Amino acid sequence: MTKVTVLGAAGGIGQPLSLLLKMSPYVSTLALYDLRLAPGVARDLSHINTNSKCRGYGKDELADALKGANVVVIPAGVPRKPGMTRDDLFKINAGIVANLVSATAKYAPSARILVISNPVNSTVPVACETLKNLGQFKPGKVMGVTTLDVVRAHTFLSDALGADHYGREAMKSHVTVIGGHSGTTIVPIVTNAKVRSKLVNKRQYDAYIHRVQFGGDEVVEAKQGAGSATLSMALAGFQFTNEVLRSIHLEKRAEPGPLPAFIYLPGVEGGKELQSKLGTNIEYFAAPVQMLRGDVVRVDVDWVDGLSDEEKKAIKICLEELDKNVQKGKRFVQSKL
Ligand SMILES: NC(=O)C1=CN([C@@H]2O[C@H](COP(=O)(O)OP(=O)(O)OC[C@H]3O[C@@H](n4cnc5c(N)ncnc54)[C@H](O)[C@@H]3O)[C@@H](O)[C@H]2O)C=CC1
Ligand SMILES: O=C([O-])CC(=O)C(=O)O
């Protein structure tokens, strides 16, 4: 029996993500919580004839939504409008994430917590530091969801190379994304040197990297003030959540290569080695992770050895910005003490 709770379930991401989760064979109970509309969304989904039971919870029913949850996914919070950075969302979303994570610690203390709310580079430190203060921090159970960067990296690489010859499916084993989840902190790593050489000149390579780093802006601009990526994010959020669920059910990943997650490095095996290989003491970072029973148990470090000079340079730029984002999240929690 596996219960998944979505916090922010009636939003632009929450609704399609909940639909996809209703289709997952790994879910037996799907609990949808939001400040508005969650019971309606849940009633709608509950008519779908898959095995899971779906129930909605209103504003004052957070405890019931969380009780017994094995996985809690958090897309609650405000999205960007044109002209805004993800960091501009911090003021509102940091408080939302801190409150929802505190409630999760109380009512579902062994749940894995998957943070989608932006800015992920700061909201994950907010989540972890909040749990530390409560004496309830289990590092392998808190994951920032950066899968949309991976989805974009595959799609845009395929676009850049010509999908006819280099199919989208094949891209899954050739590129991953590490670092953080905003602008230059997003660092695509083309792990296959042969594929990297197909990006014929520096201009084409730079254009590809830039498109992955600023892919979110493309959607924000195109939606003209009505929000940011929701449908592609729901797919990405589902892919990551289903990976956690697959691991809980002791099933192996079906796709090539492990997915990255934005995690607290010192808390997992390989974390300190990764810090040392990258020459940094940054505590929070996204990299491919290994899971066991739904918890992150190890972060991959092998990819560091094959980095190109351009990728090393991009990581240096990433770390400078990421450190500021991480410190901001930590300061927010410390200032509440
Ligand atoms: N990690 C990633 O790759 C991505 C993250 N995002 C982020 O996801 C978040 C949500 O985006 P959308 O779904 O488009 O926004 P939305 O505004 O459509 O939905 C957010 C939902 O959260 C709910 N909510 C707000 N405060 C809440 C609280 N305290 N408890 C429960 N529910 C609450 C709202 O009522 C709303 O239904 C944003 O912060 C956005 O920036 C968006 C795309 C990609
Ligand atoms: O761009 C945004 O604000 C939403 C997001 O994180 C993304 O689409 O990657």
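## Salt bridges between the domains

Across the interface of domain 1 and domain 2 there are 4 salt bridges, a salt bridge being a side-chain nitrogen of Lys or Arg within 4 Å of a carboxyl oxygen of Asp or Glu. Asp-87 forms a salt bridge with Lys-328, and their closest N and O atoms are 3.0 Å apart.

The model is predicted, and local features need pLDDT of at least 70, while side-chain atom pairs count only at pLDDT 80 or more, although totals for chains, interfaces and linings use all residues. Residues are numbered from 1 along each chain as its sequence is written, and side-chain values use heavy atoms, with hydrogens and water left out.

The protein chain is divided into domain 1 (3–144) and domain 2 (147–337), with bounds that come from an automatic or database domain assignment. The contact takes 45 residues from domain 1 and 51 residues from domain 2, where contact means heavy atoms within 4.5 Å.

The area buried between domain 1 and domain 2 is about 4000 Å², and carbon and sulfur atoms give 66% of this area; buried area is the accessible area (1.4 Å probe) that two parts lose on being put together, summed over both. Tyr-26, Arg-86 and Asn-121 supply 20% of the area that domain 1 buries against domain 2, more than any other three residues.

## Thr-123 in helix α5

Thr-123 lies in helix α5 (residues 120–133), helices being DSSP runs (H or I, at least four residues) numbered from the N terminus. Thr-123 counts as buried because its relative accessibility is 0%, and buried means under 20% relative accessible area (1.4 Å probe, protein chains only). A polar atom of the Thr-123 side chain lies 2.8 Å from the backbone oxygen of Ser-117.

Methods:
Chains lettered and ligands numbered in written order. Helix = DSSP H or I, 4+ residues; strand = E, 2+ residues; numbered from the N terminus. Buried < 20%, exposed > 50% of the residue type's maximum accessible area, 1.4 Å probe, protein only. Polar contact = N/O pair within 3.5 Å; in protein donor to acceptor, adjacent residues only side chain to side chain.
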